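Please read them with the structure open.

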Amino acid sequence: MSEEDIDLSDCPEITPEMFAKAVVRRGLPAKKAKAQVTLRIDSDVLEWFKSQGRGYQTQINQLLRAYMEAHQQ
């Protein structure tokens, strides 16, 4: 499909004022507020998580949450 074939008649043109009020959101909103902490863990454990790629801190959080939920009464 070429640009000429796209029907934009129902899309308003974005004005500079609209663009200035835009909010950038990436990903899904966090379920709960996060707290920044300093945590001492074994360096090989940290390196392993980092080697898994981007998002290693989220993975650590998910594992800690799963452990917490499994051990709640």
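1. Start with the charged pair. R65 forms a salt bridge with E69. Their closest N and O atoms are 3.7 Å apart. The model is predicted, so treat this distance as a computed value from a predicted model. A search of the whole structure finds one salt bridge.

2. Where do R65 and E69 lie? Both are in helix α3. They are four residues apart, about one turn of the helix.

3. How open are the two partners of this bridge? R65 has a relative accessible area of 32%. R65 is therefore partly exposed, since that class runs between 20% and 50%. E69 has 46% relative accessibility, so E69 counts as partly exposed too.

4. Helix α3 spans residues 56–70. It packs with α2 at an angle of about 115°. The two axes are 8 Å apart. Is the crossing of α2 and α3 left-handed or right-handed? It is right-handed.

5. Which residues meet where α2 and α3 pack? From α2 come L46, F49 and K50. From α3 come Y56, Q59, I60 and L63. Pick these out on the display to see the contact.

6. Now the loop between α2 and α3. R54 lies there. Its relative accessible area is 89%, so R54 is exposed, the cut-off being over 50%. R54 and R25 are 29 residues apart along the chain. Their C-alpha atoms are separated by 18 Å.

7. Move to the loop between α1 and α2. In this loop, α1 covers 16–20 on one side and α2 covers 43–51 on the other. V37 is found in the loop.

8. Are A35 and V37 buried or exposed? A35 has 66% relative accessibility, so A35 counts as exposed. V37, at 63%, also counts as exposed. A35 can also be placed against V24: the two are 11 residues apart in sequence. In space, C-alpha to C-alpha, A35 and V24 are 22 Å apart.

9. Last, the surface. V37 is one of the residues that make a nonpolar surface patch.

Notes
Residues are numbered from 1 along each chain as its sequence is written. This is a predicted model: local features need pLDDT of at least 70, side-chain atom pairs count only at pLDDT 80 or more; totals for chains, interfaces and linings use all residues. Side-chain values use heavy atoms; hydrogens and water are left out. Patches are made of residues with over 30% relative accessible area and no salt bridge: like charges are joined within 9 Å, nonpolar side chains (Val, Leu, Ile, Met, Phe, Trp, Tyr) within 5 Å. Accessible areas come from the Shrake-Rupley method with a 1.4 Å probe; for residues, only the protein chains shown count as cover. A salt bridge is a side-chain nitrogen of Lys or Arg within 4 Å of a carboxyl oxygen of Asp or Glu. Helices (H or I, at least four residues) and strands (E, at least two) are DSSP runs, numbered from the N terminus. Buried means under 20% relative accessible area, exposed over 50%, partly exposed in between (1.4 Å probe, protein chains only). Axes are lines fitted to C-alpha atoms, for helices over the stretch in contact, and angles run from 0 to 180 degrees between N-to-C directions. A crossing is left-handed if the near helix is turned anticlockwise from the far one by less than a right angle, and right-handed if clockwise. Contact means heavy atoms within 4.5 Å.
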